[in-house]
Amino acid sequence: MTRILISGICGYMGRHLLKLSAKSDSVDAVCGVDIASCEGIDVPVYATFSDVADKVDCIVDFSHHSQTGAILAFAVKNNIPAVIATTGQTDAEREMIIKASEKVPVFFSSNFCIGVAMLCKLAVQTAKAFPNAEIEIIEKHHNRKLDAPSGTALMIANEIINEARPNANLVLGRSGCRKREADDIGISSVRMGNIVGDHEIIIGTENQTLTLKHEAHSRALFAEGAISAVEFIKNKGAGLYDVKSILKED
């Protein structure tokens, strides 16, 4: 049984993960860290990582990207893996993740869903098959999501650019007055209601259009993915891992 610390345990996803871990045969949530006070949590909740008194085997982060430095410092100090499940990291925070992964295993992905990983893989394959096609990405999330575009949409776009369209120009939201350039990959964001997470990739030529789409029906999906990440990373050596790493071993 892997003992985990949940960063952001008082939040929506933190609570989901806590409930799921109570039913799991592989992970046990023994404590959490959260700057907010909360009720209904039956494990110790610490205000800072320096307060943590429990022995843990892995950190799972569902807090906020601003906590990245503190989370990684705790992981490196205690020589334990870290699963980073937040998005919106700055360039400096991403650099922290890369440096920490040289010392401990770090699982960092913009989306913890295997279905999204397959969507990304199919998008790259389709972009290669239609080298002259135009590509647009539409992502939809609930009205409480802070970052736009979503980390998942950026992940998909960057995979397409890195593996199929090295000269592409990423356009984040269209405004102003200019025609679409051939190398554009556009990302449009929708924020409304209680949408869990929809990602749609439209790949079209003058004569045909192919649409790839993934819809998440419950946020519990991402908590399940985080547990899969813990199971995957617990026996790994130092390095940077993501959902594609799991697919490669399947």
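Is arginine 191 buried, partly exposed or exposed, and what is its relative accessible area? In this predicted model, arginine 191 is partly exposed, with a relative accessible area of 25%. The views below take up its salt bridge, and then other salt bridges, the cysteines and a helix pair.

**View 1. Glutamate 139 and arginine 191 meet through their side chains in a salt bridge.** The N to O distance of this pair is 2.8 Å.

**View 2. Arginine 3 is joined to aspartate 57 by a salt bridge.** The closest N and O atoms of the two residues are 3.0 Å apart. Because arginine 3 lies in strand β1 (residues 2–7) and aspartate 57 in the loop between β3 (45–46) and β4 (58–61), the pair ties together parts that are 54 residues apart in sequence. Arginine 3 counts as partly exposed at 29% relative accessibility, and aspartate 57 counts as partly exposed at 25%.

**View 3. A network of salt bridges links Glu136, Arg174, Arg178, Arg180 and Asp184.** One of the pairs to inspect here is that of aspartate 184 and arginine 178, whose side chains meet in a salt bridge with an N to O distance of 3.1 Å. Aspartate 184 counts as buried, its relative accessibility being 1%, while arginine 178, at 46%, counts as partly exposed. In the structure as a whole there are 10 salt bridges. Side chains of opposite charge can pair when their charged atoms come close.

**View 4. Cysteine 10 and cysteine 38 form a disulfide.** The count for the structure comes to one disulfide, and the sulfur atoms of cysteine 10 and cysteine 38 are 1.9 Å apart. The torsion about their S-S bond is about -40°, so the disulfide is left-handed. Since cysteine 10 lies in the loop between β1 and α1 (12–22) and cysteine 38 in the loop between β2 (27–33) and β3, the pair ties together parts that are 28 residues apart in sequence. Cysteine 10 counts as buried at 14% relative accessibility, whereas cysteine 38 is partly exposed, with a relative accessible area of 26%.

**View 5. The sulfur of cysteine 113 is too far from the closest cysteine sulfur for a bond.** That closest sulfur belongs to cysteine 120 and is 12 Å away, whereas a disulfide requires sulfur atoms within 2.5 Å. Cysteine 113 is buried, with a relative accessible area of 4%. Cysteine 120 is likewise in no disulfide, and counts as buried at 4% relative accessibility.

**View 6. Helix α4 (residues 114–129) and helix α5 (residues 151–163) cross at roughly 35°.** The axes of the two helices come within 9 Å, and α4 passes α5 in a right-handed crossing. On the α4 side the contact involves Val116, Leu119, Cys120, Ala123, Val124, Ala127 and Lys128, which meet Thr152, Met155, Ile156, Glu159, Ile160 and Glu163 in α5. The residues of this contact divide into nine nonpolar, one polar and three charged.

Key:
Residues are numbered from 1 along each chain as its sequence is written. This is a predicted model: local features need pLDDT of at least 70, side-chain atom pairs count only at pLDDT 80 or more; totals for chains, interfaces and linings use all residues. Side-chain values use heavy atoms; hydrogens and water are left out. A salt bridge is a side-chain nitrogen of Lys or Arg within 4 Å of a carboxyl oxygen of Asp or Glu. Helices (H or I, at least four residues) and strands (E, at least two) are DSSP runs, numbered from the N terminus. Buried means under 20% relative accessible area, exposed over 50%, partly exposed in between (1.4 Å probe, protein chains only). Axes are lines fitted to C-alpha atoms, for helices over the stretch in contact, and angles run from 0 to 180 degrees between N-to-C directions. A crossing is left-handed if the near helix is turned anticlockwise from the far one by less than a right angle, and right-handed if clockwise. Contact means heavy atoms within 4.5 Å. Ala, Val, Leu, Ile, Met, Phe, Trp, Tyr, Cys and Pro count as nonpolar, Asp, Glu, Lys and Arg as charged, and the others, Gly among them, as polar.
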